[in-house]
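Here are some notes for a colleague opening this entry for the first time. Please read them with the structure on screen.

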Amino acid sequence: MRLDNKESRRSSLLIHVDYRIWEPTPYISFTTSASRVEDLVARRINKRRDQMITVIDPNIRVQNGLPILYAKAEMDHYEIEDPYERNGQYYHDECLCLWQVTAAEIVGYWAWNDLENDKDWYQNIILPAFQRFTKPAAASGVTGEVDTINDLQSSFADLSGMFIILASVYVC
């Protein structure tokens, strides 16, 4: 799907932000909030049973010239109303990747049932995996100063300059 004009961006976003519409769009949503992951899993578990969590490294994505969009900012820019009339609550922590997520960006995958019994799953499992993932890249110079990053929140804050973000986690 092309996104080279305002109408194509707007119409594709209208479909994507309404979770009741199951039509393909060029966006892959990631949340930047551990609590939002928990909320999404709770909402989806009855319909889709097994839930997988995918974590990406935003530094590699941006270095490879692939964009990360902020859903709420895109909705505001294209004047898209929240279909749930919740003042954009669902979209404040949502990032959008366009068309693809490459293997180079993926920190790892976890089944939710492997995480759910640890109340500090983000701190105990996700962050250490992210730190292990970024060390080899930092040592080879692939991602610049990633070795100084303590967590995913810092990664996104460095990229955006104005957003404080916790994680980039996709729930499928």
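**Notes on the model**

1. Start with Tyr19. Tyr19 is partly exposed, because its relative accessible area is 28%, which falls between the 20% limit for buried and the 50% limit for exposed. Keep in mind that this is a predicted model. Tyr19 also forms an aromatic pair with Tyr91. The pair is tilted, with 5.9 Å from centre to centre and 45° between the planes. Tyr19 sits in the loop between α1 and β1, and Tyr91 sits in the loop between α4 and β4, so the pair ties together parts that are 72 residues apart in sequence. Is Tyr91 buried or exposed? Tyr91 counts as buried, because its relative accessibility is 0%.

2. The structure holds seven aromatic pairs. One of them joins Tyr19 and Tyr90: the ring centres are 6.3 Å apart and the planes stand at 40°, so this pair is tilted. Tyr90 lies in the loop between α4 (71-77) and β4, while Tyr19 lies in the loop between α1 and β1, so the pair ties together parts that are 71 residues apart in sequence. Tyr90 is buried, because its relative accessible area of 11% is under 20%. Tyr19, Tyr84, Tyr90 and Tyr91 form one aromatic cluster.

3. Step back to the whole chain. How many helices and strands does the protein chain have? The secondary structure comes to seven helices and six strands. Along the sequence, their pattern is α-β-α-β-α-β-α-β-β-α-α-α-β. The protein chain has 172 residues, and 46% of them count as buried. Its accessible surface comes to about 9500 Å². Carbon and sulfur atoms account for 49% of that surface. Consider the contacts between residues at least 6 apart in sequence: 71% of them join residues at least 24 apart.

4. Look next at β4. This strand covers residues 94-98 and is mostly covered, with five of its five residues buried. Glu94, Leu96 and Leu98 point one way from β4. Cys95 and Cys97 point the other way. Residues on both sides are buried.

5. Which strands pair with β4? One is β1, which pairs with β4 in the antiparallel sense over five bridges. In that pairing, Ser29 stands opposite Leu96 of β4. Another is β3 (residues 68-70), joined to β4 by three bridges. β3 and β4 also run antiparallel. Here Ile68 has Cys97 of β4 as its bridge partner.

6. The largest nonpolar core has 15 residues. Those with the most contacts inside it are Ile53, Trp110, Trp112, Leu115, Trp121 and Ile126. Which elements give two or more residues to this core? They are α2 (34-48), β2 (52-56), β5 (106-111), α5 (112-115) and α6 (121-140). The largest share comes from α6, with six residues.

7. Leaving aside neighbours within four places in sequence, Trp112 is in contact with Val37, Glu38, Val41, Ile45, Gln51, Ile53 and Trp121. A second, separate core has 13 residues. Leu69, Tyr91, Leu96 and Leu98 are among them.

8. Go to helix α1 and find Ser8. Ser8 counts as buried, because its relative accessibility is 16% and the cut-off is 20%. What does the side chain of Ser8 reach? It reaches the backbone oxygen of Arg2, at 3.3 Å. Not counting residues up to four places away in sequence, Ser8 touches Arg2 and Leu3.

9. Finish at Pro24, which lies in the loop between α1 (6-17) and β1 (27-31). Pro24 is exposed, because its relative accessible area is 73% and exposed means over 50%. Pro24 and Met1 are 23 residues apart along the chain. Their C-alpha atoms are separated by 9.3 Å.

Conventions
Residues are numbered from 1 along each chain as its sequence is written. This is a predicted model: local features need pLDDT of at least 70, side-chain atom pairs count only at pLDDT 80 or more; totals for chains, interfaces and linings use all residues. Side-chain values use heavy atoms; hydrogens and water are left out. Helices (H or I, at least four residues) and strands (E, at least two) are DSSP runs, numbered from the N terminus. Buried means under 20% relative accessible area, exposed over 50%, partly exposed in between (1.4 Å probe, protein chains only). Two strands pair if DSSP finds at least two bridges between them. A polar contact is a pair of N or O atoms within 3.5 Å; within protein, one must be able to donate a hydrogen and the other to accept it, and residues adjacent in sequence count only if both atoms are side-chain atoms. Contact means heavy atoms within 4.5 Å. Accessible areas come from the Shrake-Rupley method with a 1.4 Å probe; for residues, only the protein chains shown count as cover. Rings of Phe, Tyr and Trp (its six-membered ring) pair if their centres lie within 6.5 Å; planes under 30 degrees apart count as stacked, over 60 as edge-to-face and the rest as tilted. A nonpolar core is a set of buried Ala, Val, Leu, Ile, Met, Phe, Trp, Tyr and Cys residues joined through side-chain atoms within 4.5 Å.
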